[in-house]
Every structure is written in C-alpha cells, then in structure tokens.
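Subject: Structure handover

Hello,

Please find the structure below. My notes on it follow, with the cut-offs given where each term comes up.

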Amino acid sequence: MSTKTSHAAPSTEAMTARSAPWNLLADLGRQQLILATESACAVFRGSEAMRKIQQQAAHHASVHHEAVAQKLRSQSEPSDWLAIQSELMRFDLQGATQYWQQLAAAMIKTQVDMATCGTHLLHTAPENGLKPALEAWQAILHNSLNGTANQANTH
C-alpha cells in the first residue's frame, strides 16, 4: 500500500534555516575579498616602506660620495688618497649593511602584516569568521548527499 506525502509549502522559518548555510557560504566570498584587499594593502605599504629605505640610502650615499669627490679634488698626496679611499670603503660597507638590514626588517613587517590579515578571519566573532562559512559548506554538502540518498530510497 502506498502512502502519499504532503508537499505543503515550507514555512518561512524552514526556508531561512535552509538558506542560512547558503548565506554563510556567500559570505565566504566577501571574506576572501576582504582578505585579498587587506593583503594587497599590506604589500603596498611594504613597497612604500622599502622605496623610502632605498631613497634614503641613495640620498645619503650621494651626499657622502659628493663630499669625498670634493676632498679628492683638493688633495694631491697619494697617502691622502689612500686614507680617503679606505674611509669611503668603510662607509660603503657600513651603509650596505644598514641598508640590507632595514630592507629585511621592512620585508618581515610586511609578511607579519599579511599574516595578520589572514589570522583575523579566524579570530573574529563566531558569526562573522571563516569557521561558520566552512561549517555551512559542510552542512550543504551533507544535506545534498542526504537528500540524494533519501530520494534514492523513496524511488
């Protein structure tokens, strides 16, 4: 004997409950866009910082080398040339070391800023973070698989 099941229109609450995972899943795209945009901002800030470091190092070296060139024009003794050259080499080595340390620090700060962008998604309020969206995705897959299994059992 077969029984008929009624296909009454689902209530608004049932529709909202069913669509909630989809809403959370749709919000995942927004969260990804936020992450990508904040990461891009971190990269751009890092690029600006590195550019400033490069500009300052180039300016400092230019001023110093100009002063050394002026000294060399006024000196005529070979012993003075050697002293000026060794002082210039010391300045260049010290400047290069400082330059690379500053660039490394700026790159590390940029990486930390980018990592912070990603971790804040995991540490936001439960209803706004990444976890609910992933749970919603799992619920959608689970429900669709159960729905398919239920349909197979009823036919």
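A pocket here is found on a 1 Å grid over the protein atoms alone: it is an open set of points where protein lies on both sides within 12 Å along at least five of seven lines, whereas a cavity is a set of points where a 1.4 Å probe fits but cannot get out; lining residues have an atom within 4 Å of a point. Grid points are joined across faces, edges and corners, and a volume is the space filled by probe spheres set on the points.

The model is predicted, so local features need pLDDT of at least 70 and side-chain atom pairs count only at pLDDT 80 or more, while totals for chains, interfaces and linings use all residues. Numbering starts from 1 along each chain as its sequence is written, and side-chain values use heavy atoms, with hydrogens and water left out.

Largest pocket

The largest pocket holds about 230 Å³ of space. Its lining consists of Q56, A57, H60, A61, F91, D92, G95, A96, Q98, Y99 and Q102. Helices α1 (12-74) and α2 each supply at least two of the lining residues, and α2 gives the most, with seven. By type, the lining has five nonpolar residues, five polar and one charged (nonpolar: Ala, Val, Leu, Ile, Met, Phe, Trp, Tyr, Cys and Pro; charged: Asp, Glu, Lys and Arg; polar: the others, Gly among them).

Chain and confidence

The chain has three helices and zero strands (DSSP runs, numbered from the N terminus: helices are H or I with at least four residues, strands are E with at least two). Of its 155 residues, 17% are buried (under 20% relative accessible area with a 1.4 Å probe, protein chains only; exposed is over 50%, partly exposed in between). Among contacts (heavy atoms within 4.5 Å) with a separation of 6 or more, 75% join residues 24 or more positions apart.

The mean pLDDT (the predictor's confidence in each residue, from 0 to 100) is 79 for the chain, and 66% of the residues score at least 70. Confidence is highest in helix α2 (residues 78-122), at a mean of 91, and lowest in helix α3 (residues 130-154), at 65. Residues 14-18 have a pLDDT below 50, and this stretch has two contacts in the model beyond near neighbours in sequence.

One residue

H64 lies in helix α1. H64 counts as buried because its relative accessible area is 18%. Leaving out residues up to four places away in sequence, H64 touches E87, L88 and F91; F91 is also one of the residues lining the largest pocket.

Regards
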